[in-house]
Each structure stands twice: as C-alpha cells, then as structure tokens.
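Hi,

Here is the structure I said I would pass on. My notes on it follow below.

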Amino acid sequence: MDFKNMNLKMVSGCDRGLCRRACGRQDKQLNTYDYLADIPGNDTSTDLVEVQFKNTRKGYYHNVNHLDLKKGDIVAVEANPGHDIGVVTLTGQLVRLQIKKANLKSEEDIRRIYRIAKPVDMDKYHEAKSREHGTMIQSRQIAKDLGLQMKIGDVEYQGDGNKAIFYYIADERVDFRQLIKVLAETFHVRIEMKQIGARQEAGRIGGTGPCGRELCCATWMKNFVSVSTAAARFQDISLNPQKLAGMCAKLKCCLNYEVDNYMEAGKLMPNRDSVLQTADSDYYLFKSDILAGMVTYSTDKRVAANLVTISAARAHDIIEMNKRGEKPLSLLDDEQVQQDERPLDLLENESITRFDKNKRKKKARNKEQGPRGKEQGARNQGPRGQGQGAKARQDDRNAQRESHRQKARERE
C-alpha cells in the first residue's frame with residue numbers, strides 16, 4: 001500500500017464514524033443511534049433533519065436547499081422571528097420515526113434549514129448565550145418582587161438574540177401577564193413562557209443519579225411515563241420515599257424498567273395467602289425471590305422459624321397435593337437435601353488459644369498430674385524457678401568459681 005500518496009483527512013469530534021452514528025454522547029443530550037447510517041442513499045431518502053438546541057429541546061426541519069448535512073453540523077434554522085442556531089443530531093429515515101414520537105401532525109410545525117452557520121452567526125450565538133445566566137437570576141428577582149408563586153428554572157436565548165424562552169415551574173396557575181411586560185422592558189427581547197414539570201427541569205439541568213450515572217432524562221429518555229408505587233410493590237422494593245425519589249424529588253423513572261419482567265415472573269409464583277400443609281407442620285410464606293423462582297416458608301406467620309426454601313414449582317405441587325387431601329412428609333423433594341445456609345467459618349475447627357505461650361501449657365500439665373506432678377516440677381525447678389538446664393548451668397558457674405579460688409590460694 002502506498003502510504004505516501006494517500007489522501008488522509010484529519011477528523012475530530014463528531015466527524016469520526018462512531019461519534020457520527022451516536023455510539024458516543026458527543027456534547028449533546030438525547031443522542032440517537034443511527035443504525036441506518038451505513039445504508040447507501042439513507043441521507044437522500046428524505047429531506048427531514050433533526051436539530052437539537054440547548055439541553056433537551058429538539059426540532060425537525062426540511063432541508064430545502066439540499067445541503068450536505070452530517071451529524072454534528074451547526075446550522076441556522078427558521079424561527080419566529082429571525083433564525084436560531086442548532087446542531088444536527090439525526091438525518092435519514094429515522095427522522096420520520098422521531099416525528100411520529102413527537103406527534104407532529106401539522107406541516108406548519110416543520111420549518112426550513114437556512115444554511116450552515118457562518119462565523120457571524122456563531123458570534124451572535126455566543127453573545128446571546130453569555131446573557132442567559134444573568135437573565136435567569138434577574139428574572140427570578142423580578143418574579144419575586146411581583147409576588148408570583150413560580151420558579152424560573154432556565155432561560156434560553158434564540159440564536160440571533162431576538163427572543164428568549166423562560167422555563168418555569170409552578171404548582172398552580174400563574175398570571176404572568178405583568179411579568180412579561182416587565183421582562184420585555186428589562187431585556188428588550190421577545191418573551192416566551194413555558195411551564196415544565198419537575199422531571200423536565202431535571203432533564204434540562206442534568207446531573208448524576210444515585211446509581212452514579214448521568215440522569216436518564218438528560219441523556220436518552222425522550223418522553224416521560226407516569227411512575228407509581230405499584231411498580232415498587234411488584235419488585236418487592238422497600239417503600240422508602242427517600243430511596244424511591246430521584247433528583248427531581250419524584251419517583252425514579254427506572255422503577256418502570258424491570259416491572260414488566262417482574263410481573264411476568266410473578267405469575268409463576270404461588271399465592272401469598274396459600275398455606276403449605278405437611279405431615280409435621282403448616283408452613284406460611286415468609287419471603288420470595290421472584291426472578292430466581294424461589295420461595296421461603298416459615299412455620300410461624302410472624303416470626304422466621306424453621307425456614308425452608310423451595311422452588312415455586314415445588315410449592316405448586318404441594319398445593320395440589322393438599323387440595324387432594326394429601327400431605328407430604330416435608331417441603332423438600334425426596335432427593336433434595338436441606339442445605340445449611342450458615343456462613344462458612346474458616347476458623348471453626350481451630351483453637352482460640354493456639355498462639356498462647358508454652359508456659360501456660362506446662363502449668364496446665366502440672367495441674368492435671370496432681371501432687372506427683374507438682375513434686376516432679378519442684379525437683380526440676382532451680383532456686384529461682386528455673387528448670388533442669390538452668391540448674392546445670394548454675395552448677396558449672398559454681399565449679400568455675402571454686403577452681404579460681406583454689407588457684408589463688410596456691411599462688412599465695
């Protein structure tokens with residue numbers, strides 16, 4: 001291969017293939033994986049384009065000028081009034097499906113794409129975006145001075161700076177006609193008010209959930225489904241409001257993710273009120289593992305006593321036997337053995353005194369031998385409580401001292 005004459009292209013960011021197909025998050029939210037990107041003619045099959053603006057706001061536009069648009073291109077689109085600046089997030093056939101999800105039935109809701117954004121457009125865009133935070137803080141103070149029971153959560157300026165959208169939260173209906181007049185006189189732009197809920201606010205602001213990942217509403221969720229505590233009951237989740245609530249102080253959206261699987265698996269579980277009768281006792285349902293298909297029974301209704309864990313199929317068999325008037329010897333199958341569920345103790349057969357000194361063992365031996373052992377131990381001990389070895393060493397020292405004395409006498 002001739003590497004010297006190859007036409008290499010420096011790519012970065014959304015120009016890379018994986019990012020263009022939305023395998024990565026890019027710098028935008030609600031990213032959609034374009035699994036039709038490799039099909040020839042997908043981009044030219046329709047002129048519809050999906051464009052995303054600040055946070056979770058998206059729009060759909062006609063590419064009337066037949067621009068060569070790719071995922072990640074910054075474009076200027078039609079707005080009322082003026083134009084807005086957004087990022088292309090999807091092209092091709094998948095845009096039609098996204099429009100069905102958004103329930104856009106009127107052709108008036110689908111406007112045009114003017115051009116790819118020019119440097120002049122980007123300068124106006126960045127200038128408008130730099131005013132958003134200050135505008136939000138000031139507008140909150142204005143709403144407070146007017147005595148309105150509302151919270152302005154976010155402000156979004158249009159790309160050309162001629163219009164501003166104020167997103168607010170309110171528990172009750174708010175008459176903000178006076179607020180619009182004051183905001184228009186203060187900021188000299190066209191004002192649009194949009195009421196959003198707590199979930200939409202969390203999606204616009206973003207954040208990290210208790211699971212350690214980014215919020216679903218700020219990354220991939222495109223519509224919100226009502227969540228109830230029944231989903232937690234189906235999954236045997238503790239009804240603790242602090243654990244069930246998300247960053248928006250509402251029930252977590254992820255409670256609905258696995259509830260269908262739990263409902264399907266719950267159909268195979270025995271009834272909670274059913275009592276299993278055996279030859280020795282009656283067993284009541286204590287707890288159940290729905291996904292594993294295992295149930296635990298107790299001989300007491302309120303206290304965990306003589307717990308036995310069996311499969312749901314075995315529980316149904318015993319219920320059928322009880323209906324026929326039969327009682328098995330035990331809940332377990334004839335070939336099944338109840339396993340000891342105690343935790344494995346590695347030091348179960350070890351002595352707790354295995355590291356004690358040997359002196360304690362010697363004392364224990366002397367006590368077991370009785371008076372004879374004590375006399376023998378006394379014989380083996382020296383004047384200072386030493387053993388036979390210590391006594392022998394003491395005798396050697398005495399002999400050496402006596403020899404030194406004898407030599408000194410002979411010299412005199």
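To begin with, does glutamate 201 count as buried or exposed? Glutamate 201 counts as buried, because its relative accessibility is 12% (buried means under 20% relative accessible area, exposed over 50%, partly exposed in between, with a 1.4 Å probe and protein chains only).

Before the rest, some housekeeping. This is a predicted model, where local features need pLDDT of at least 70 and side-chain atom pairs count only at pLDDT 80 or more, while totals for chains, interfaces and linings use all residues. Residues are numbered from 1 along each chain as its sequence is written, and side-chain values use heavy atoms, with hydrogens and water left out.

Back to glutamate 201: you'll find it in helix α6, residues 198–205 (helices are DSSP runs of H or I, at least four residues, and strands are runs of E, at least two, numbered from the N terminus). Setting aside residues up to four places away in sequence, glutamate 201 touches Lys151, Gly153, Ile169 and Ile196 (contact means heavy atoms within 4.5 Å).

Then there's aspartate 289, in strand β10, residues 282–289. Aspartate 289 is partly exposed, with a relative accessible area of 41%. Its contacts are Met269 and Met294, leaving aside neighbours within four places in sequence. Aspartate 289 also sits 9.5 Å from alanine 312, C-alpha to C-alpha, with the two 23 residues apart in sequence.

Finally, methionine 150: leaving aside neighbours within four places in sequence, methionine 150 is in contact with residues including Ala143, Tyr168, Leu179 and Met193.

Cheers
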